[in-house]
Amino acid sequence: MDALMRAMVLEHPGQGLRLVPCPVPRPGPEQILIAVEACGVCRTDFHLVDGELPDMVLPMTPGHEIVGRVAAIGAAVDRWTIGQRVGVPWLGWTCGACRYCRAGQENLCTQARFTGYQIPGGFAQYTLADQRYCFALPEGPAAEELAPLLCAGLIGYRAARLAGSAQRLGVYGFGAAGHLVTQLARRWGCEVYALTRPGDESTQAFARSLGAVWAGGADEAPPSLLDAALIFAPDGSLVPTALRHIRPGGCVVCAGIHMSDIPSFPYALLWGERVLRSVANLTRRDGEEFFALVAQAPLKAQVHVFALEDANQALDRLRRGDIQGAAVLSMRSGAQ
Ligand SMILES: [Zn+2]
Ligand SMILES: [Zn+2]
């Protein structure tokens, strides 16, 4: 009989996750079995648990910020050995043949499958991953501190890169991605302007403690025009707001997978060769570049650790904006 593991499973969107005993899966030829140590909880997780994203496979174990150790390998696995530390991101599989895959844009693959969405993810004691989509992680930091890098860190990195060279960078929504990208941007010599929920003084103080030169409410005008702005909050009304505060030629990047409708706005806000774009998913190359940067100098994630069984509580607190930094599930026994 197969060994059993605990997993938090979504059966009915809108009704939360349920703790279910499942058989420990067995790796296919290209797969590795991972003993999960920690898994981050991302905003995307509550959008999919709430049924706001299409094409979800059910039942599903969410979780796409996975840190663990290789526990078993499939017959064709050549990149990993048992015991190695491994990270699994959102991008779980691509076709390798479509026009996007062939052009180095596998993040846009028409057949792509995503971890914790179409492929069971890391809200479990064990998970499987395709060996080609995993990243090697440094040994030093705790698993709980590395987990948010797998999505919040990586998407922040991709968003900042696609914003172009910016001296003055605005960050709308200062959560898991915002606090990590601020550290990266400072390393690149940028001035960071953090824009939080209006009146959220504790998050503004948190942003300043990480080196933001200015922090205020998203309803305020930053003290100078920005070269670029990254929007991590799922609020479409921030798009015209951010456009209003960037200079001609500047760029606004929408970095979330889900956003409420964008209100209409005067063309003058886009005029002047301002650019509005989204960032979708990640490529493996983003991950290789990003984790090479992290290996040189770690990013310090501020984490709130929950036990696996408390995943619904972590999602609720994230939904309420009640977490400063990132929420992480720990599979170690006794985690609070
Ligand atoms: Zn994510
Ligand atoms: Zn493809």
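Helices and strands are DSSP runs, numbered from the N terminus. In this predicted model, Asn 281 lies in the loop between strand β15 (275-278) and helix α8. The phi angle of Asn 281 is near 65°. That value is positive, in a residue other than glycine. Most residues other than glycine have a negative phi. Asn 281 has a relative accessibility of 15%. Buried means under 20%, so Asn 281 counts as buried.

Asp 55 also has a positive phi, near 60°, and is likewise a residue other than glycine. Asp 55 sits in the loop between α1 and β4. Its relative accessible area is 64%. The cut-off for exposed is over 50%, so Asp 55 is exposed.

Pro 59 is found in the loop between α1 (43-49) and β4 (66-73). Leu 58 and Pro 59 are joined by a cis peptide bond. The omega angle of this bond is about -10°. Most peptide bonds are trans.

Helix α4 spans residues 152-162 and is mostly covered. Of its 11 residues, 9 are buried. The buried residues are Ala 152, Gly 153, Leu 154, Ile 155, Gly 156, Tyr 157, Arg 158, Ala 159 and Ala 160. These buried residues pack against two helices, α5 (176-187) and α8 (284-296). They also pack against the strands β9 (135-136), β13 (226-231) and β14 (246-254). After α4 comes Gly 164, with a positive phi near 85°.

Terms used:
Residues are numbered from 1 along each chain as its sequence is written. Chains are lettered from A and ligands numbered from 1 in the order in which they are written. This is a predicted model: local features need pLDDT of at least 70, side-chain atom pairs count only at pLDDT 80 or more; totals for chains, interfaces and linings use all residues. Side-chain values use heavy atoms; hydrogens and water are left out. Buried means under 20% relative accessible area, exposed over 50%, partly exposed in between (1.4 Å probe, protein chains only). Helices (H or I, at least four residues) and strands (E, at least two) are DSSP runs, numbered from the N terminus. Contact means heavy atoms within 4.5 Å.
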